[in-house]
Amino acid sequence: VKSGVYAGMVSSSPLHGVADRATDSDAFEFTARAGFAVSGVLHLLVAYIVARLAFGSAGNADQSGALATLAGQTGGAVMLWIVAIGLAALGLWRVAEAVVGSKPGEGAAGREDDTPVWKRAKSLGLAAVNFAIAASAVRFATGGGQQNTQQNAGWSAQLMRSGWGKGVLVAVGLGLVAVGGYHVYKGVSKKFLKDLRIPGGTGVTAVGICGYAAKGLALG
């Protein structure tokens, strides 16, 4: 009953109507799809950096390292702006997921959505990540970007100076382990296939299992 009441409140809210109308736009959906593709390209660049590290080259195998790699290419600034726009649109799509439910743009108006609160919170978290990477891409495109390793080390050193700071680091570490474990579970259990509108096929399933498991282990 509570779930139905919550869904009804969300469905009747003005914010729900705005999100519904926005996600009904073909241009918005296309740009959000481009954001997914951009995210895939960044993951491929991280994989490329990891492979180079395995052969003794230098580099940072994270999103900032991938953005720095793009920035160093011919036309890198243009590519970084494409990354920023795509990920910003994907972030907005995730916000719409949190408001409308798990399937924005698929005729959610006029029906109650039973998407649980934790999935809506997950969508907001993913939106924050996409917005953060988009902002980093803008900084790299304008010449002000920097890779995360030294900055993160400095923050960690400051937090280590106090008891509460150590607690924050432990909490962040445990959170990353939990997120990594979820990625492994989603890959091994093939839960990612539910995100597809068409059957995945043997090749897509194999790549999905390996990719989600690898990302989960890396996060852990």
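This is a predicted model: local features need pLDDT of at least 70, side-chain atom pairs count only at pLDDT 80 or more; totals for chains, interfaces and linings use all residues.

**Exercise 1. Salt bridges inside helices**

Find how many salt bridges the structure holds, then examine the pairs Arg 33 with Glu 29 and Glu 97 with Arg 94.

*Solution.* The total is three salt bridges.

Step one takes Arg 33 and Glu 29, whose side chains meet at 3.1 Å, N to O. Both residues belong to helix α3 (residues 26-54), where they are four residues apart, about one turn of the helix. Arg 33 is partly exposed at 47% relative accessibility, while Glu 29 is buried at 18%.

Step two takes Glu 97 and Arg 94, whose side chains also form a salt bridge, with 3.1 Å from N to O. These two sit three residues apart in helix α5, so about one helical turn separates them. For burial, the cut-off is under 20% relative accessible area. Glu 97 has 11% and is buried; Arg 94 has 17% and is buried too.

**Exercise 2. Two helices side by side**

Work out how helices α5 and α6 are arranged: roughly parallel or roughly antiparallel?

*Solution.* First get the boundaries: α5 covers residues 76-100 and α6 covers residues 117-141. Their axes lie 8 Å apart, and the packing angle is about 165°. Angles over 145 degrees count as roughly antiparallel, and α5 and α6 are therefore roughly antiparallel to each other. To finish the picture, the handedness of their crossing is left-handed.

Now pick out a residue of α5, Leu 87. Its relative accessibility is 1%, so Leu 87 counts as buried. Leu 87 and Ala 34 are 53 residues apart in sequence, yet their C-alpha atoms are 8.0 Å apart in space.

**Exercise 3. A patch on the surface**

Which residues make the nonpolar surface patch of about 400 Å²?

*Solution.* Four names are needed here: Trp 164, Val 168, Val 172 and Leu 176. Then check its cover. Exposed means over 50% relative accessible area, and Trp 164, at 62%, counts as exposed.

**Exercise 4. The chain as a whole**

Describe the secondary structure of the chain, and say what share of its residues is buried.

*Solution.* Count the elements first: there are nine helices and zero strands. Reading from the N terminus, the order is α-α-α-α-α-α-α-α-α. Then turn to burial: of the 220 residues in the chain, 29% are buried. Leu 87 from Exercise 3 is one of the buried residues, at 1% relative accessibility.

Technical notes. Residues are numbered from 1 along each chain as its sequence is written. Side-chain values use heavy atoms; hydrogens and water are left out. Patches are made of residues with over 30% relative accessible area and no salt bridge: like charges are joined within 9 Å, nonpolar side chains (Val, Leu, Ile, Met, Phe, Trp, Tyr) within 5 Å. Accessible areas come from the Shrake-Rupley method with a 1.4 Å probe; for residues, only the protein chains shown count as cover. Buried means under 20% relative accessible area, exposed over 50%, partly exposed in between (1.4 Å probe, protein chains only). Axes are lines fitted to C-alpha atoms, for helices over the stretch in contact, and angles run from 0 to 180 degrees between N-to-C directions. Angles under 35 degrees count as roughly parallel, over 145 as roughly antiparallel, 65 to 115 as roughly perpendicular and the rest as oblique. A crossing is left-handed if the near helix is turned anticlockwise from the far one by less than a right angle, and right-handed if clockwise.
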